[in-house]
Amino acid sequence: MTLKDKVAEALRGVPDPAVGGAGRDVLSSGRVAGIVVKEDGAVGLVLSVDGLARAEAERLQAAIEVAVNNVAGPKAARIILTADRGAVPAGARPEASTVPGIRKLLAVASGKGGVGKSTVAVNLAVALARQGLAVGLLDADIYGPSVPTLLGIEGRAQLENSRLQPAEAHGVKALSMGMMTDPKKAIVWRGPMASSALVQMVEQCDWGVLDVLVIDLPPGTGDIQLTLAQKLKPDGAVIVSTPQDLALIDARRAVAMFGEVGVKVLGLIENMSGYACPACGNVSDPFGSGGAEAEAASIGAPFLGRVPLDIGIRTDSDAGRPGQGRAGEVFAPIAVRVAEVLGL
Ligand code: ADP
């Protein structure tokens, strides 16, 4: 069987999502045409996005990328989008994302460590998955990978057909440097090596089709963060801060860093905002409150929500049980806002 035949066969397994296209695949409905296999092994094809909403078009493009790449190799698919009405296909992605098969890349960042960035990234990923989205979580916090603990994942990442398999927990597909190395050994890679290894890890991972990949970036605004933002090209970034002035100054640096590399800041989340005493119910503000909201207003970014300092959030994090109790309540509306600003 030629590669072109194999591609055609793979595409016959991708259903056409258009109303009325029920039961038809993208080849027999004519949605995909003009398949060509180039000398370098790249596979070109034309995808018509007529009659599809933006989200449907993006999801279909991702599904086609995965189907083609599965038979032709990573990054083989070159998809040209067309639409009858107007030259620019209505709202579809103008070019494939850095990682084929993934509609949107969302970075979660903070100006410094200890503000709860990983806790927010994990709970946000779980809350997005509860909205029915296909969600992945990449732990890019190379030097302090905490996602395996937060999601309760044990063991190493497996290889299948020479591709890394993400672990699946709480409805989220996850990959972390913590699943690649011995947890007791320190990671001694230097910055540039660590960021290339990480980007390679993401690209070689078998994510399947994802609506969104949440990237838990390392804390701070140094070279590694900058390189990762440049290489992974996230569609947007969410910045986590506590309400303290000092943390907010660092958050401002994070906003500036994303500005430098042309990544849109989608908004700020205020963590550890207000403490409800479990015994008396009295709410106090150990770090103040409202600082991140004021900061968001001053930089013209949306304020995405507030997460209280809550003992349950900490104990559930340590036990690998995200999305429970208070965390489940507060992250649901935050995830709705994030999905909206990301255009999911
Ligand atoms: P970062 O990724 O910014 O370094 P972590 O997410 O690892 O921070 O959080 C640091 C510590 O704070 C962890 O022990 C975590 O359980 C705790 N924590 C984070 N957010 C909250 C919260 N809203 N309430 C209670 N504890 C929290």
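This is a predicted model: local features need pLDDT of at least 70, side-chain atom pairs count only at pLDDT 80 or more; totals for chains, interfaces and linings use all residues.
A salt bridge here is a side-chain nitrogen of Lys or Arg within 4 Å of a carboxyl oxygen of Asp or Glu. Residues are numbered from 1 along each chain as its sequence is written, and side-chain values use heavy atoms, with hydrogens and water left out.

Now step back to the overall layout. The protein splits into domain 1 (3–82) and domain 2 (102–342), with bounds that come from an automatic or database domain assignment. Their C-alpha centres sit 32 Å apart. Ten residues from domain 1 and nine residues from domain 2 make the contact, which means heavy atoms within 4.5 Å. Together the domains bury about 740 Å², 48% of it on carbon and sulfur atoms; buried area is the accessible area (1.4 Å probe) that two parts lose on being put together, summed over both. The rule also finds four salt bridges across this interface.

The structure as a whole holds 17 salt bridges. One of them pairs R306 with E270, with the closest N and O atoms 3.4 Å apart. Since R306 is in strand 14 (residues 303–309) and E270 in strand 12 (residues 265–276), the pair ties together parts 36 residues apart in sequence. Strands (E, at least two residues) and helices (H or I, at least four) are DSSP runs, numbered from the N terminus.

On to the helices. The axes of helix 3 (residues 117–130) and helix 10 (residues 325–342) come within 8 Å and cross at roughly 75°. Axes are lines fitted to C-alpha atoms, for helices over the stretch in contact, with angles running from 0 to 180 degrees between N-to-C directions.
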